[in-house]
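Here is a short report on a two-chain model. Read it alongside the sequence and coordinates.

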Amino acid sequence: MTAFIVHLAILAGIYIILAVSLNLIVGYAGQVSLGHAAFYGIGAYASTLVAMSWEVPYPLAALWAMLVSGLCGLALGLPTLRLKEDYLAIVTLGFGVIIDLVIRNLEITGGPDGIVGVPTPVILGLSFRNPLLYLLLVGLGVGFSLLFTYLLVNSYHGRALKAIRDHEITAQVMGINSPAYKVAIFALAAALAGLAGSLFAHYIKHINYESFGLHTSILIVCMVVLGGMGSILGSVLGAIILTVLPETLRQFQSYQDLIYGGLLVALLVWRPQGLLGKGKLSLKFLERKE
Amino acid sequence: MVWFADISQEATPQTMFLQQLINGLTTGSAYALIALGYTMIYGILGLINFAQGEIYMCGAFVTVLLLATGQVPFLVAVAAGLIGAAILGLILERVAFRPLRGAHPLVPLISAIGASIFLQSLALLLFGPNNRPFPLTFDFAAMNLWGLPVNTLEAVILLAALGFMGLLVLFVRYTRYGKAIVACALDRDTARLMGINVDRMVSLTFVVGSALSGAGGIMMAIYYNATYPRMGFLPGLKAFSAAVLGGVGNIPGAILGGLLLGVAESLGAAYISSSYKDAIAFIILILVLLIRPQGILRGRGH
């Protein structure tokens with residue numbers, strides 16, 4: 001039972017990093033990304049491959065995962081972030097489908113079978129084989145992501161992002177380079193997703209395409225929306241709820257997705273700003289109501 | 001050029017190309033029909049209805065289940081499929097979208113995703129995960145239409161799709177209700193001032209758009225001889241790409257985008273790589289958006 005709780009806690013930690021990073025894109029930059037799991041997957045495979053081929057120390061592998069995911073985010077963000085948010089949604093979604101197919105078909109990623117035997121992280125002679133120790137490592141990752149996000153959104157740059165989200169034209173008039181900000185935040189969020197991917201791969205030890213498909217992207221979006229866009233604490237809460245809830249619904253296996261989809265619609269109709277939504281988005285909702 | 005030989009025996013490079021082209025046009029016509037649903041709804045509400053693929057699935061299921069009883073004539077079953085799809089669209093609009101009108105654009109998008117997950121798993125519970133073959137068998141006679149290697153089924157599907165599209169264009173251009181929908185798409189507030197019942201027009205848009213998607217679903221259920229709960233998922237995504245490709249909110253654009261995407265996918269799968277078939281639509285979408293962010297046909301044409 002304890003082992004199960006530790007397992008859940010590790011997964012929840014990984015999803016917290018993912019949700020918080022996506023929240024940067026959705027809640028602070030006001031953009032839509034439906035392909036966040038692609039960066040998660042890129043991070044997982046980058047970290048695994050570098051750790052298995054060159055036996056680099058784990059921190060380097062994690063950094064490499066962040067770098068590769070971040071660069072992919074930059075590559076996708078540079079040309080596409082001038083698009084309107086609806087178009088961006090479908091482009092990121094398409095990117096997710098493309099990465100899914102690439103992972104499924106490339107030889108280096110093990111094709112549809114994936115990669116087995118991802119090495120256990122060893123830092124300064126300390127092996128993280130024990131799940132409790134691994135939870136500590138994930139906790140470190142979560143702490144870093146939360147601190148980074150918190151400092152970012154409360155800095156000058158965070159205020160600039162919120163200005164872009166609330167009124168892009170006004171923000172530009174005030175001298176904020178909005179395309180540069182959007183691309184930068186997109187790449188940063190992708191890098192954080194890469195970190196989550198690395199943590200996931202070295203924990204679960206066997207990765208294949210199934211963990212990084214559209215289903216996961218949508219799950220992350222749901223965590224952000226459930227918790228409330230633009231609220232860090234909300235994303236944390238959303239990630240925990242949506243990690244634990246499916247496990248408790250497991251006994252109703254066949255009804256799981258049904259309940260899940262139904263709850264999502266009901267929640268949005270009842271509380272469009274999410275559980276812990278910030279005032280600004282909800283005010284906008286009231287103002288524009290017809 | 002005209003080929004007199006039986007196409008199934010002699011697959012020259014040209015006939016293979018033409019066959020892929022026809023195949024692409026046929027699937028493309030289904031994409032176009034779903035894309036019309038997306039485009040009309042986007043045009044009037046600025047909303048991406050992610051559950052459009054499930055409406056497509058619903059149309060196919062109603063028809064297949066009715067035909068499987070063996071007591072319903074084909075055309076009645078098809079009509080019932082269209083009506084079923086339209087009713088589902090109407091319910092979705094009432095339950096998942098109307099309460100969210102005016103919210104942050106991401107909110108209805110997520111609500112649509114939720115509805116899509118819900119409907120897919122509902123279909124999975126009700127009908128099981130297996131493929132259902134189409135209850136009727138059709139004559140797959142190959143024919144040579146001015147040298148094009150078409151079989152009767154493809155010809156009928158293409159004609160029916162073109163017929164539906166033509167009806168839609170006539171409806172939107174020349175009827176009172178069609179014009180009212182366009183007016184709402186152009187400017188909802190002004191339309192209301194002119195005495196148009198905007199809510200009713202939004203419902204009507206959902207009815208018409210959903211019926212078209214349902215028609216696409218029935219056609220593909222016949223063409224691929226398979227109906228299953230997740231059948232609408234990828235076609236839905238691709239049809240949205242098609243709508244964006246043609247310029248969202250643009251009716252001729254959606255038709256053009258759907259057909260282009262179907263052809264590109266079919267040719268790409270045949271000549272480049274079949275394992276990346278599902279990626280082709282999105283690669284094209286990204287490339288088009290980079291060059292022409294407003295889509296191939298600009299603006300909201302009707």
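A residue is buried if 20 or more other C-beta atoms lie within 10 Å of its own, exposed if 12 or fewer, and partly exposed in between. The model is predicted.

B:Asn225 sits in the loop between helix H8 (198-223) and helix H9 (233-245) of chain B. Its phi is near 55°, a positive value in a residue other than glycine.

A:Glu55 has a positive phi of about 50° and is not a glycine. A:Glu55 belongs to the loop between H2 and H3 of chain A. With 10 other C-beta atoms within 10 Å, A:Glu55 is exposed.

B:Ala155 lies in helix H5 (residues 152-174) of chain B. B:Ala155 has 16 other C-beta atoms within 10 Å, so it is partly exposed. B:Ala155 and B:Leu261 are 106 residues apart in sequence. In space their C-alpha atoms are 19 Å apart.

| Residue | Other C-beta atoms within 10 Å | Class |
|---|---|---|
| A:Glu55 | 10 atoms | exposed |
| B:Ala155 | 16 atoms | partly exposed |

**Chain B as a whole**

Chain B holds 11 helices and 2 strands. From the N terminus on, the order is α-α-α-α-β-β-α-α-α-α-α-α-α. Of its 302 residues, 51% are buried. Take the contacts in chain B between residues at least 6 apart in sequence: 75% of them join residues at least 24 apart.

At 1.5 Å a residue, its 15 residues should span 21 Å. The end C-alpha atoms are 22 Å apart, which agrees. Buried residues of H11(B) include B:Ala281, B:Phe282, B:Leu285 and B:Leu289. In an α-helix there are 3.6 residues a turn, so residues three or four places apart point the same way.

**A helix pair in chain A**

How do helix H1 (residues 2-28) and helix H8 (residues 178-204) of chain A cross? Their axes come within 9 Å, at roughly 170°. Angles over 145 degrees count as roughly antiparallel, and H1(A) and H8(A) are therefore roughly antiparallel to each other.

Residues of H1(A) in this contact include A:Ile14, A:Leu18, A:Ser21 and A:Tyr28. From H8(A), they meet residues that include A:Phe186, A:Leu192, A:Leu199 and A:Tyr203. The contact divides into 19 nonpolar residues, 1 polar and no charged.

**Where the chains touch**

In the interface, 39 residues of chain A are in contact with 37 residues of chain B. On the chain A side, the elements giving two or more residues are helix H3 (58-80), helix H4 (85-105), helix H9 (214-227), helix H11 (256-270) and helix H12 (279-287). H4(A) gives the largest share, 12 residues. By type, the chain A side has 26 nonpolar, 6 polar and 7 charged residues.

**Confidence in chain A**

The mean pLDDT of chain A is 83. In chain A, 92% of residues reach 70 or more. Which elements of chain A have the lowest and the highest mean pLDDT? H12(A) has the lowest (42), and helix H2 (residues 36-54) the highest (91). Over residues 279-290 of chain A the pLDDT is below 50. Beyond near neighbours in sequence, that stretch has 18 contacts in the model.

Technical notes: Residues are numbered from 1 along each chain as its sequence is written. Chains are lettered from A and ligands numbered from 1 in the order in which they are written. This is a predicted model: local features need pLDDT of at least 70, side-chain atom pairs count only at pLDDT 80 or more; totals for chains, interfaces and linings use all residues. Two residues are in contact if their C-beta atoms, placed from the backbone, lie within 7 Å. Helices (H or I, at least four residues) and strands (E, at least two) are DSSP runs, numbered from the N terminus. Ala, Val, Leu, Ile, Met, Phe, Trp, Tyr, Cys and Pro count as nonpolar, Asp, Glu, Lys and Arg as charged, and the others, Gly among them, as polar. Axes are lines fitted to C-alpha atoms, for helices over the stretch in contact, and angles run from 0 to 180 degrees between N-to-C directions. Angles under 35 degrees count as roughly parallel, over 145 as roughly antiparallel, 65 to 115 as roughly perpendicular and the rest as oblique. The expected span of a helix is 1.5 Å times one less than its number of residues. pLDDT is the predictor's confidence in each residue, from 0 to 100.
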